[in-house]
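Subject: Handing over the structure

Hi there,

Here is the structure I promised to pass on to you. Please have it open while you read, as my notes follow below.

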Amino acid sequence: MSNSEQKSTKTIQSLRGMKDIVNEESTLFTYFIENASKIAKNYGFSYLETPLLEETALFKRSVGESSDIVNKEMYQFIDKGENDVCLRPEGTAGVVRHFVEKKLDRAGGNYKWYYYGAMFRYERPQKGRLREFHQFGCEVFGLQSVYEDANIIMLIREILEYFGIGFTLKLNSLGCVECMPQYKNNLVNHLNSFKSELCEDCNRRVDTNPIRVLDCKNEKCQTLLKDAPKITNSLCSSCDSDFEKLKEILDFNKINYEIDSNLVRGLDYYNKTAFEFVSNEIGAQSAIAGGGRYDRLVEYLGGKSTAGIGFAIGIERLLELVKMNKEQKEFLYIGVLDEISLNKAFEIAIKKRKTTKTYIEYTPRGFAKHFGIAEKLGCNIVALIGEKELENGIIYTKNLNTKEENNIILEDF
């Protein structure tokens, strides 16, 4: 066999860090999307889909050139039109690009969108972290009130509670253009006293975006940072007032939280409120949702200064924690006992699909075979029809949960 023939017969596999979503995982995935979307709609959000492919400049200007995403992880390339493009590594920037492109920043008012879809980052695959992964997120524009910060946090809480997921809410304030510069100076002065002992990434961040050093996962760096100055001690009166008000709202609504002064998020565009929801059920990768306020991001992307806040949930990381509602919706299995009954069974299936999830098995089989297929598919109602049933105008049914059996008049069924 020639080399070319050997190459053509080689099995093609999915790329490292990318996987198919199928079977039980796809059931959980669609269950999550369907119900998280319903909750977002109840909070006044409408759906927005942005392209998978965007100009690289969008993420350099929004996510920030000091971030690991831009420095190390983007799927970036020059396309056939000589455009510098990349697969989206996160969802917020594309939504903001849409907001500015459609001149909504100049139209006034407020806008609320939710989205879900694939994101791409070239990093080392591990449990709960893939190179192609999926996020569900919400973004709000034009609402500066700290009540909207609380509203977003309550939305995430409702989603997590719906799926039976336990969490701890971590909270911080990153200040604003008034108080952040002085804090950065204080932090850099502190970091320079032991800069040589910090990891390579932290050394780079000291010069590009020093507050990102606080987010380093290196154990040695975390030990060195133990006595670093806290941003919450350097907030201006406006930021301090907003942060205190946010805590007051959360306390009033009985939402527990922990203040984490090292919580800075992984993207450069955040200011003021920053938060993460973490779980102790999934090991080291404990963040399951996170976000915050980004009041200057619209301006960074060429728009008119507009208040913004949002969050994203990593879906893959969450799925292993999702608990499906035990109340199973009806999933109907229709089977035929002979060829003569197939036309009628097909007609019945078309009508039932208007209201009920329905599967039809075209091959005539005995009762036991039909029940075996139905159970494998996860159906909970089996309906069988043969020549005898057809003549009598009935259909046999069995509820696989209750074991109740009936012969039902076709018109009633």
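Predicted model: local features only at pLDDT ≥ 70, side-chain atom pairs only at ≥ 80, totals over all residues.

First, the overall picture. The protein chain has 16 helices and 16 strands. Its C-alpha atoms fill a box of roughly 90 × 70 × 45 Å along the principal axes. Of the 413 residues in the chain, 49% are buried. Among contacts with a separation of 6 or more, 70% are between residues 24 or more positions apart.

Back to helix α5, which spans residues 92–101. Eight of its ten residues are buried, so the helix is largely enclosed by the rest of the structure. The buried set consists of Thr92, Ala93, Gly94, Val95, Val96, His98, Phe99 and Val100. What do these residues pack against? Their partners are both helices and strands: β2, α3, α6 (104–107), β5 (111–120), β6 (132–141) and α12 (297–300).

Strand β2 also belongs to an open sheet of three strands, in the order β2-β4-β3 and with antiparallel pairing. β2 (53–55) and β3 (76–78) are the edge strands; each has a single partner, so one side of each has no neighbour in the sheet. On average, neighbouring strands here are turned by 35° against each other, direction ignored. β2 and β4 (residues 84–87) are joined by three bridges, and Glu55 sits opposite Val85 of β4. Helix α3 (residues 56–64) packs on this sheet and touches β2, β3 and β4, with its direction at about 70° to that of β2.

Another enclosed element is strand β9, residues 271–278. Eight of its eight residues are buried, so β9 too is largely enclosed by the rest of the structure. It pairs with β7 (residues 168–173) in the antiparallel sense over six bridges, where Leu169 stands opposite Phe277 of β9. Six bridges also join β9 to β10 (residues 287–293), again running antiparallel. There, Phe275 has Gly291 of β10 as its bridge partner.

Finally, have a look at helix α7 (residues 146–162), which packs against α11 (residues 237–252) at an angle of about 45°. The axes of these two helices are 9 Å apart. The pair is therefore oblique, and its crossing is right-handed. From α7, the contact involves Val146, Tyr147, Asp149, Ala150, Ile153 and Met154, which meet Asp242, Lys245, Leu246, Ile249 and Leu250 of α11. By class, that contact has eight nonpolar, no polar and three charged residues.

Helix α7 also packs with α2 (residues 23–42), at an angle of about 145° and with the axes 10 Å apart. How is this crossing handed, left or right? The crossing of α2 and α7 is right-handed. On the α2 side the contact is made by Tyr31, Phe32, Asn35, Ala36, Ile39 and Ala40, and on the α7 side by Leu155, Glu158, Ile159 and Tyr162. Sorted by class, these are eight nonpolar, one polar and one charged.

Happy browsing, and do write back with any thoughts.

Best wishes

Key
Residues numbered from 1 in each chain as written. Heavy atoms only, no water. Axes fitted to C-alpha atoms, helices over the stretch in contact; angles between N-to-C directions. Helix = DSSP H or I, 4+ residues; strand = E, 2+ residues; numbered from the N terminus. Parallel < 35°, antiparallel > 145°, perpendicular 65-115°, else oblique. Left-handed = near helix turned anticlockwise from the far one by under 90°. Contact = heavy atoms within 4.5 Å. Nonpolar A, V, L, I, M, F, W, Y, C, P; charged D, E, K, R; others polar. Pairing = 2+ DSSP bridges. Buried < 20%, exposed > 50% of the residue type's maximum accessible area, 1.4 Å probe, protein only.
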